[in-house]
Amino acid sequence: MRLCVPTVRLVGQAEWAAVEGATRPVSVPLLQGCTLCVMMRKVVRQGCEMSAAAERFAEHGFVFLPNWLAGRSTLDIAAELGGLLDLSASVPGLSIPAVQPLRLQSEAAARANTYSKQFGRAEFPLHNDLAHWFRPPRYMLLRCINGDHGVPTRVVKGAELRSVFGSDRIDRALYRPVRPVDGLSLSLLAGGFAGVRDSVRWDSLFLLPANETAREFRDFMQSVGNFLKGEKQYLAVPGDTLVIDNWRVLHGRAAASRDSPRVIERAYLTRVDL
Amino acid sequence: MTVAATPHPWSADALMNKALLYIGVMEGHTTDDWEYGLWASLALELMARAALAHTSPVLLADASNWRNLSYALGNPATSKKFSPVSIGVGEVLGRLEEMHTTITSDITGFCRHFFQRRNSELHSGELAFHGRGSADWLPPFYIAVEALLGIMGRPLDVVLKNAEDAVEMIAAYKDDAAKAVLQDINAHRLVWQGKPQLVRDQEKAKAEAWATKETGHRCSCPACSSEALVQGKPSGTVSTKVEPRIGEVTEKQRMIPASFQCIACGLRISGLAKLTAAGLGDAYTSTSIYPASQYFELYDEDDLEEARREAERFEPDFNE
């Protein structure tokens, strides 16, 4: 129990915890020495941190939130950030849970037509999730359940790729899915997402180039792109959260050892409200 | 922003992506190859459809069967053996011209002619694109592409590898068209000035009477300064104003000039590009005034009189 002088009341542990967990800045007078005000100062600081996170996300297309709201479920976190996207509701016949556990698998153990089947525990090449969809999920979050300091997730910004390869060339590239997504027909997919600054679409496994510019981009990614430094994000501690704009950023997991305990949960979002 | 695994086949994105693919194949040939023209014509139709679908894919549906409209709205088929049908490209062009001021009759006229060549190539033994080069169709093709992309807010350089060359070609084409028109006006002016004054005065009077009688937009002929007429095509929305006190409805609509005629010196100009070069390309407003009873299809005095006369012919019920 603590004493708040301005309000002359005792603040219980539950209320203290609720204030500690708040992510929105609160406008309160800050009186020195007041326990409640110390709590509010912390909330204001957290609010400022979240504003900075929002700015980083808007500028770079991704943001890493270390040990964020630890102890809360990925489902809660997704709801906290914005709208949880239920893919099964969006695409009839699809059975994908709203929160997907991602565990390291060997090629032998993995399901057909998955990255794990193709690459196992080796490094995943840079890609957007569901790049073979006409309009893939815009936002995604990756949350550490069980971390591994030795397995970073590499992120490369579309802006960087556009500056190296050429913005208009990326927009002229056309791809098609390897297999019909709906089992019936194939459609052409543009190399960028119309109207979205610095967007890029790429997947070396699920997309086939349909025109010359796309073939050039494929060759570029194979020769140069996969060696782009990008930024490494370490989902090492439970609660570490990486929020990604799936249209503006490519990502790929580093190679993992056989005994790596890494477990990540992934959720797709309709919006991000940091 | 909704997730979608596949695009609707009639969506602007799907049509535009295919047009982009065909442009890429076109650019893989030289301008002298017959394939260059053929792929250009295929890409242009897809772009026209994409431009119309940019407003809504429903505008592409053949409305004679409501199921086509339902399909365009993204609904699954509700009838066995249903095959969705879209409107023909001629209708696509007509709708684009009516909805967008940037799609002029020059552009749709070129497109119709170009698609006819494409049809000849595909459906007959005629070699519609062989050995004919591209100088006559490439600049207006680029003009059409630029206008259609403009509807969708897409820049030329996303579609064409050599967008700068296309822009230069468009500018040169418009310049050449302007020079040709000015030469034509000069020629008519010289002939007019060679006529005796009496003849000129008589022709001017005839032209004034004719311009007053005929419908069109009256203007001064650039060659002989007589009263002449510009005919236009309606463009954009109709503005309607009801004047209840005087029982009239006034409708106004913007008209884009399409042709010019002067009966005094015989000068004729057609096409917006040439009219613009001649200083006659400004849009004008067409005003129509209707009696309110006619506009709203109300009963007027004549209808009421006829009703009264009919009533007089009925015999009353009588137990005779």
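Me: What does the accessible surface of chain A come to, and what share belongs to carbon and sulfur atoms?

Reply: The accessible surface of chain A comes to about 12,900 Å², and 54% of that belongs to carbon and sulfur atoms. Accessible areas come from the Shrake-Rupley method with a 1.4 Å probe, and for residues only the protein chains shown count as cover. Please keep in mind that this is a predicted model, in which local features need pLDDT of at least 70, side-chain atom pairs count only at pLDDT 80 or more, and totals for chains, interfaces and linings use all residues. Residues are numbered from 1 along each chain as its sequence is written, chains are lettered from A in the order in which they are written, and side-chain values use heavy atoms, with hydrogens and water left out.

Me: How do you know how confident the predictor is in chain B?

Reply: Its confidence in each residue is given as pLDDT, from 0 to 100. Chain B has a mean pLDDT of 89, with 97% of its residues at 70 or more. Within chain B, helix H2 (residues 34-55) has the highest confidence, with a mean of 97, and helix H12 (residues 301-313) the lowest, at 76. A helix here is a DSSP run (H or I) of at least four residues, and a strand (E) is one of at least two, both numbered from the N terminus.

Me: Why is Leu182(B) called partly exposed?

Reply: Buried means under 20% relative accessible area, exposed means over 50%, and partly exposed lies in between (1.4 Å probe, protein chains only). Leu182(B) has 46%, so the label is partly exposed. You will find Leu182(B) in helix H8 (residues 163-193) of chain B.

Me: And why does Phe296(B) count as partly exposed?

Reply: Because its relative accessibility is 43%, Phe296(B) counts as partly exposed. Phe296(B) sits in the loop between helix H11 (292-295) and H12 of chain B.

Me: How much area is buried between chain B and chain A?

Reply: About 1,900 Å², with carbon and sulfur atoms giving 66% of it. Buried area is the accessible area (1.4 Å probe) that two parts lose on being put together, summed over both. The contact (heavy atoms within 4.5 Å) takes 24 residues from chain A and 17 residues from chain B.

Me: How many salt bridges does the rule find across this interface?

Reply: Zero between chain B and chain A. The rule asks for a side-chain nitrogen of Lys or Arg within 4 Å of a carboxyl oxygen of Asp or Glu.
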